[in-house]
Amino acid sequence: MTETLLADPAGIARAAALLRAGELVAFGTETVYGLGGDATNDAAVAAIFAAKGRPRFNPLICHYADIDASFADVMENDVARRLAAVFWPGPLTLVLPRRAGCRASLLASAGLDTLAVRVPAHDVSRALLRAVDRPVAAPSANRSGRVSPTTARHVLDELDGRIAAVLDSGPCAVGVESTVLDLRDAPALLRPGGATIEAIEALIGPVRRGAPAGAVRSPGMLASHYAPTLPLRLEATAVAPDEALLAFGKAPAGAAVMVNLSEQANLEEAAARLFSALRQLDAEGQRRGLRGIAAMTVPSHGLGVAINDRLRRAAERG
Ligand code: TXA
Ligand code: MG
């Protein structure tokens, strides 16, 4: 079955050896847990899609220990260099053209001529990437269409027996996935995430929202993506006795079960708790036969943009 590895030197060395041997290892980053495979190994990348049950057209993010290793595989430009200098290591992913000698499997790009690259901030993930010394392709370590995992336990709930190991580095600090920017020409936001759009625009100026009309440049933009099993009702200001409540700030009374993302209405705290809260309410709500989950609104600035984006997708059925 799936090994659980401690985030100590022996655990990191074992995880790196498994990855270099073509096995799949889930590991914690500052955003969410990733389902890692050696990006230079076609079979390992294919195994990632199989383990997730993910549609083939969804390209993967490649993770690197540092900026130089990352830009060895893609053609960076001035905007990419400025962003990397400020945001890496950290929760920002850059989509850039593949270099001629790009080591990452074409399968990781899912047939596109671009590659998504990022340098994660978490110490354990960086130590792992240094030990592997190859790009590691890693989508979020959940089954396709499910909520992203923010603890090793979440990973095992969905992938136990389907991957070689999970490297347990504790709960993820940011809690929502990285921000994805397409930098091939004018910068475009493909997915809001852990690096706020305000901070990005303060550095590089205006960023276009979303892919150009007619092109699904980032399949992660597809509407339904982060679905719990129970229906999710958005913009709740009150809650019915047969609903679970995902609260933010001051919560209305009367919920059968409630998780407050942040009683102090702190968006960083709310992002870090979002996915485990959805899992908990979904499991508890199903156990009690509840009708659905009511979610209160979160302000649309800072990390609230990424939180509202994930909630909208979770509310989209089918
Ligand atoms: O925080 C994160 O980004 C986590 C951790 C593990 O690093 N990873 C993650 O990966 O969320 P995934 O596969 O669940 O989401 C990757 C996103 C998707 O929206 C995907 O469509 C987009 O990045 N993407 C990847 N490669 C792309 C490319 N070449 N062009 C456009 N979008 C791309
Ligand atoms: Mg995902």
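The C-alpha centres of domain 1 and domain 2 lie 27 Å apart. Domain 1 covers 3–209 and domain 2 covers 232–315, with bounds taken from an automatic or database domain assignment. This is a predicted model, in which local features need pLDDT of at least 70 and side-chain atom pairs count only at pLDDT 80 or more, while totals for chains, interfaces and linings use all residues. Residues are numbered from 1 along each chain as its sequence is written, chains are lettered from A and ligands numbered from 1 in the order in which they are written, and side-chain values use heavy atoms, with hydrogens and water left out.

**Where the domains meet**

- In contact across the boundary are 22 residues of domain 1 and 16 residues of domain 2, contact being heavy atoms within 4.5 Å.
- About 1400 Å² is buried between domain 1 and domain 2, and carbon and sulfur atoms give 59% of that area; buried area is the accessible area (1.4 Å probe) that two parts lose on being put together, summed over both.
- V147, V176 and P192 supply 35% of the area that domain 1 buries against domain 2, more than any other three residues.
- Six residue pairs are in polar contact across this interface, both residues at pLDDT 80 or more. A polar contact is a pair of N or O atoms within 3.5 Å; within protein, one must be able to donate a hydrogen and the other to accept it, and residues adjacent in sequence count only if both atoms are side-chain atoms.
- Two salt bridges are counted between domain 1 and domain 2, each defined by a side-chain nitrogen of Lys or Arg within 4 Å of a carboxyl oxygen of Asp or Glu.

**Salt bridges**

- The count comes to 19 salt bridges.
- E158 and R279 form one, with their closest N and O atoms 3.2 Å apart.
- D38 and R134 form another, at 2.7 Å from N to O. This pair links distant parts of the chain, 96 residues apart: D38 is in strand β3 (33–38), and R134 is in the loop between α5 (123–132) and β7 (136–137).

**The mixed sheet**

- An open sheet of 11 strands has the order β1-β8-β2-β3-β7-β4-β6-β5-β9-β10-β11, with mixed pairing. Helices (H or I, at least four residues) and strands (E, at least two) are DSSP runs, numbered from the N terminus, and two strands pair if DSSP finds at least two bridges between them.
- β1 (3–6) and β11 (208–209) are the edge strands, each pairing on one side only.
- β5 runs antiparallel to β6 (114–118), joined to it by four bridges, and L94 stands opposite V117 in β6.

**The parallel sheet**

- Four strands make an open sheet in the order β12-β15-β13-β14, and the pairing is parallel.
- β12 (232–233) and β14 (257–260) each have a single partner strand, so one side of each is left without a neighbour in the sheet.
- β12 and β15 (292–295) run parallel and are joined by two bridges; L232 has I293 in β15 as its bridge partner.
- Helix α8 (267–287) lies across β12, β13 (243–247), β14 and β15, at about 175° to β14. Axes are lines fitted to C-alpha atoms, for helices over the stretch in contact, and angles run from 0 to 180 degrees between N-to-C directions.

**Backbone details**

- Most residues other than glycine have a negative phi, and most peptide bonds are trans.
- W88 and P89 are joined by a cis peptide bond, with omega about -5°; P89 is in the loop between α4 (78–87) and β5 (92–97).
- E235 is not a glycine, yet has a positive phi of about 55°. E235 is in the loop between β12 and β13.
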